[in-house]
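Here are my notes on this one, as numbered points. Have the model open while you read.

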Amino acid sequence: MREVSIVSIGQIPVEKKSSLNLRSMGASAIANALANIDPEQVDAVFAGNMLSDELQGQKHLSALIADTAGLRGIEALDVNAAMASGAASLRMAYLAVASGEADLAVAVGVEKMSDGVPTAALAKALDAENDVADGATMISKNADLLRQYLKHFDVPEDAMENFAVNAHRNAKNNPNALFFGKSVTPRMVRKSRIVHHPLKLMDCSPISDGAAAVVLAPTQDARAFSDKTIRILASSVATDRFSLNQRKNPLWLEGAYLSSQKAFRQANVNLNDLSLFEVHDAFSIMACLQLEAVGFSKPGEGWQLAKENKIRLNGKIPISTFGGLKARGHPIGASGLYQAAEIYLQLTQQADKNQIKRPKVAMMQSIGGAATTVISHIFGN
Ligand code: COA
């Protein structure tokens, strides 16, 4: 296997409702990523998306986006791992380049959630027979987890509030974030309305439209494309029992644990080497449980990392450094590619006001379903 690097990224701003159609959103992110690269050199496109079949009546998206982007005659495949589809497309592009099948591959993620009501479509990441038949949604499952967490570990109701405050603080400076320029105080989080008890509006990521892309090349050739490149040190996937109610302890994310352990072994790094961690904070409770599963705190204490400001840009383990899913927005299939693009900006010192001091190694984790599929990537400069 060859070593692989990210040589370029492209993002379009996350919006409540994009004026572009789905194919143009994906093609725009690719065009931004290929601004300084000859499109003729691209061998493959992998597109991450979850909902186009439901919301746009569109399958076969990767070929459609490749065509719209003017990339003809190349491999173009759809990749789907529910909410982790963006990270899955990054992994497929990584494997294509690492194996030698492609010399230049694009991973693009795109989602247009404003074209319909996505809640029922999102719930299809759960077990249709055993969860959804009983009325479960992603929101209700995460509300259950939060309720169990607060009770089991006997923590205060406002335990999670700093996850949202931190994410919004970072999104405020990110022009690509849905909540760019918006100030959110702890009081606003505390007073936000209950969506599904005990889950509040500010515990949730918003419904949004967006697209992001990254371009991958063999590390040995990376400098031919850009003088700003980062290496992919690990790419791993692990799954857990499909449903939360099949698990002995739903508050322990075994998939996140296994996926991170595999990634640490591949990258030959450990927890203390990480300068930042882009978490899958679709709900605050997920960020908290992920920090625990990956090892940043003991079970029941992840929320204290937020409370004690250890997740801030200058903290022990910065998370959601451009706003995360919570405040940059969570256009489902695009989120993993936004995470990768943001890590590229951090490691190449282009994060502007959100720049972390001298970051060396960064991890991202994307989650599909109720923490069923967990995809980890580790990057270094
Ligand atoms: N965080 C912060 N503000 C939010 C928000 C969120 N998650 N969702 C909406 N808002 C804001 C809007 O910007 C709007 O503000 P404005 O009036 O100043 O413009 C206001 O709240 C009302 O927005 P609206 O879109 O009408 O909210 P809603 O009640 O329809 O939706 C949720 C709120 C939480 C139900 C929706 O965002 C949601 O379903 N989130 C979860 C999505 C999901 O399940 N994703 C998959 C995760 S795995």
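1. Let me begin with a loop. Q349 sits in the loop between α13 and β10, and its phi is positive, about 60 degrees, although Q349 is not a glycine. Q349 counts as partly exposed because its relative accessibility is 46%; buried means under 20% relative accessible area, exposed over 50%, and partly exposed in between (1.4 Å probe, protein chains only).

2. A word on what you are looking at: this is a predicted model, in which local features need pLDDT of at least 70 and side-chain atom pairs count only at pLDDT 80 or more, while totals for chains, interfaces and linings use all residues. Residues are numbered from 1 along each chain as its sequence is written, and side-chain values use heavy atoms, with hydrogens and water left out.

3. N309 is another non-glycine with a positive phi of about 60 degrees. You'll find N309 in the loop between α11 (302–307) and α12 (324–327); helices (H or I, at least four residues) and strands (E, at least two) are DSSP runs, numbered from the N terminus. With a relative accessibility of 31%, N309 counts as partly exposed.

4. Check the backbone at H197 and P198 too: a cis peptide bond joins them, with omega about 0 degrees. P198 is in the loop between β5 (194–196) and β6 (199–200).

5. Now the sheet. Nine strands form an open sheet with mixed pairing, in the order β3-β2-β4-β7-β1-β8-β11-β10-β9; two strands pair if DSSP finds at least two bridges between them. β3 (75–79) and β9 (276–278) are the edge strands, each pairing on one side only. On average, neighbouring strands of this sheet are turned by 25 degrees against each other, direction ignored.

6. β10 (residues 361–368) and β11 (residues 373–380) run antiparallel and are joined by eight bridges. Opposite I367 you'll see V374 in β11. Helix α13 (residues 335–347) packs on the sheet, and its direction makes about 175 degrees with that of β10. Axes here are lines fitted to C-alpha atoms, for helices over the stretch in contact, and angles run from 0 to 180 degrees between N-to-C directions.

7. Helix α3 (residues 61–68) lies across β2 (44–48), β3 and β4 (105–112), running at about 135 degrees to β3. Its buried residues are L61, S62, L64, I65 and A66. Their cover includes α1 (22–33), β2, α2 (52–55), β3 and β4, where contact means heavy atoms within 4.5 Å. Just after α3, G70 has a positive phi of about 80 degrees.

8. Helix α7 (residues 161–171) is largely enclosed by the rest of the structure, because 10 of its 11 residues are buried. Among them are F163, V165 and H168. The buried residues of α7 pack against α8 (186–191), α10 (284–294), α11 and α12.

9. Which residues come nearest to the ligand? Of the 18 around it, they are R193, C204, S205, P206 and K326; a residue is near a molecule or strand if one of its heavy atoms lies within 4 Å of it. A polar side-chain atom of R193 is 2.3 Å from an oxygen atom of the ligand, and a polar backbone atom of C204 lies 2.8 Å from a ligand nitrogen atom. The protein covers 66% of the 920 Å² of accessible area that the ligand has on its own; accessible areas come from the Shrake-Rupley method with a 1.4 Å probe, and for residues, only the protein chains shown count as cover.

How values were computed. Polar contact = N/O pair within 3.5 Å; in protein donor to acceptor, adjacent residues only side chain to side chain.
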